[in-house]
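Here is a report on one protein model.

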Amino acid sequence: MAGERQRRGRGHSRRAPRGRRRPHRPLRRHSGGSLREVWLIKADASGLISIGLLDGNTGHFDIPDDVDLAQYPLVDVSAEPDNGNPAHSGNSIVRGELHAT
């Protein structure tokens, strides 16, 4: 992701039923025609967890109880080609800090 221009932002998470947390981040529609995948990322970028695809300009995502948000303080939305590859494309649309509320 080096050399790319990224928009930075802030998001927050809310408790959802059964102890799950839901990050919430308003985002304008991406016109690139690709899928938009939402990721939790460790502060040093050594680990990523996909939490789903973003459809529209806001999203609610269930985070498994065993994921410690203190270990994954960043949320990232990436443009992903529809090619079946589950890895991050390296093309981040927006990335920001996630704060529990």
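## Contacts and fold

Residues 24 or more positions apart supply 60% of the protein's contacts with a separation of 6 or more; contact means heavy atoms within 4.5 Å. The model is predicted: local features need pLDDT of at least 70, side-chain atom pairs count only at pLDDT 80 or more, and totals for chains, interfaces and linings use all residues. Residues are numbered from 1 along each chain as its sequence is written, and side-chain values use heavy atoms, with hydrogens and water left out.

The protein has six strands and zero helices. Its elements read β-β-β-β-β-β from the N terminus on. Both kinds of element are DSSP runs numbered from the N terminus: helices are H or I with at least four residues, strands are E with at least two.

Of the 101 residues, 39% count as buried. Buried means under 20% relative accessible area, exposed over 50%, and partly exposed in between (1.4 Å probe, protein chains only). The protein exposes about 6200 Å², and carbon and sulfur atoms supply 46% of that area. Accessible areas come from the Shrake-Rupley method with a 1.4 Å probe; for residues, only the protein chains shown count as cover.

## The hairpin

Strand 3 (residues 35-41) pairs with strand 4 (residues 48-53) in the antiparallel sense, over five bridges. Two strands pair if DSSP finds at least two bridges between them. Isoleucine 41 has leucine 48 in strand 4 as its bridge partner. The two strands form a hairpin with six residues between them. Alanine 45, in the turn, has a positive phi of about 65°.

## Aspartate 76 and its partners

How many salt bridges does a search of the whole structure find? It finds one. It joins the side chains of arginine 95 and aspartate 76. The pair links distant parts of the chain, 19 residues apart: arginine 95 sits in strand 6 (residues 92-100), aspartate 76 in strand 5 (residues 74-80). Both residues are buried. A salt bridge is a side-chain nitrogen of Lys or Arg within 4 Å of a carboxyl oxygen of Asp or Glu.

Histidine 88 lies in the loop between strand 5 and strand 6. Histidine 88 counts as buried because its relative accessibility is 17%. Its side chain makes a polar contact with that of aspartate 76. A polar contact is a pair of N or O atoms within 3.5 Å; within protein, one must be able to donate a hydrogen and the other to accept it, and residues adjacent in sequence count only if both atoms are side-chain atoms.

| Pair | Distance |
|---|---|
| Arginine 95 and aspartate 76, side chains, salt bridge (N to O) | 2.9 Å |
| Histidine 88 and aspartate 76, side chains, polar contact | 2.9 Å |
| Histidine 88 side-chain polar atom and glycine 90 backbone nitrogen | 2.8 Å |
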